[in-house]
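The tour starts at one residue and then moves out to the whole chain.

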Amino acid sequence: MTTIAFIGLGNMGGPMAANLVAAGHDVRVYDLSDTAIATLVKQGATGTKSPREAAENTEVVISMLPAGQHVAGLYLGSDGNAGLLDTISADCLVLDCSTIDVDTVRRVQKKATERGQQFLDAPVSGGVAAAQAGTLTFMCGGEEAGFERAEPILSAMGKNIFHAGGHGAGQVAKMCNNMLLAIHMIGTSEALKMGANSGLDPSILSEIMLKSSGRNWSLELYNPYPGVMDSPASRGYQPGFMVDLMTKDLGLAIENAKKTNSKIPLGEHAESLYREKQSAGDGKKDFSSILEILEPA
Ligand code: NAD
């Protein structure tokens, strides 16, 4: 059993923390929302009133927060308040599972290293269903020793745990994956929509493409055309994985492409289409709702 502080109990963090409790760990939780804390307390976690209280005398700190500024604020401090890295002990392992920019990872990692703490970026793929089922994929960036310490903890929340490389490599793997996901979701939507507009049954067209070279994850497991399978498209595009989050991830990919001099013409185009969808007021819909922008004006 390990004593773990878990900060950020939202759609993803809530079920992840619950799985750590179920695996027998002593989990101390904190979120800005009292309701989120209360839900976890009912599941066997210990509620706390601040990140500092949650992390006191713990062996591991895990965070699952919306974006880079929240992660920087938590660990490095903000508005003259000390960050968590200043208060936790040198032998504490810090795992940030949020999807954030590489610069923030490097800033937090630098300070953690100065304080003698091991820090890993450990973003996830799989969404809320996988967070609940404990089948997430973790993509970790950091030193081997930290990864070896993290693996048994992460395995209570995930099925596939990868060491992508040094600090920030987890975030780069995550943004590469999600950029590819956006591109094949849009491509799949275009193919299905053109087929349907030409009189084909989208279910039959899907079956044909699944046995042909157009086969891909979006088509097979997350079909964007309503009524083809039990996917968000068949439930009015309820998320799932929101347009807002996909737009954020594509923004991170574009930022990284600029810094690394990488050409990503399709990634850039995908980002502009997702921003268009977000601007139409559909940010909270599932990302497969991108098919809707293909309706004639
Ligand atoms: P969410 O908005 O549901 O949850 C975020 C939680 O953090 C909220 O409960 C909020 O109250 C809390 N929070 C915000 N600032 C805080 C602070 N300073 N201290 C303590 N708590 C704070 O978001 P989510 O869907 O759980 O996503 C979390 C992260 O996981 C994001 O970086 C997202 O990109 C990534 N992610 C999400 C999914 C998904 O399908 N939802 C999939 C993969 C990765």
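**Stop 1: Asp101**

Select Asp101, which sits in the loop between strand 5 (93-96) and helix 5 (102-114); helices (H or I, at least four residues) and strands (E, at least two) are DSSP runs, numbered from the N terminus. The model is predicted, so local features need pLDDT of at least 70 and side-chain atom pairs count only at pLDDT 80 or more, while totals for chains, interfaces and linings use all residues. Residues are numbered from 1 along each chain as its sequence is written, and side-chain values use heavy atoms, with hydrogens and water left out.

Is Asp101 buried or exposed? Asp101 is buried (under 20% relative accessible area, 1.4 Å probe, protein chains only). Asp101 has no salt bridge (a side-chain nitrogen of Lys or Arg within 4 Å of a carboxyl oxygen of Asp or Glu).

Next, show Gly68, Leu252 and Glu255, which are in contact with Asp101 when its neighbours within four places in sequence are left aside. Contact means heavy atoms within 4.5 Å.

**Stop 2: the whole protein**

Colour by secondary structure: the protein has twelve helices and nine strands. Its radius of gyration is 20 Å, close to the 19 Å that the globule rule gives for 297 residues, so the protein is as compact as a globular protein of that length (C-alpha atoms; the rule is 2.2 Å times the number of residues to the power 0.38).

Finally, colour by burial: buried residues make up 51% of the 297 residues.

Conventions. Buried < 20%, exposed > 50% of the residue type's maximum accessible area, 1.4 Å probe, protein only. Lys, Arg positive; Asp, Glu negative; His and termini not counted.
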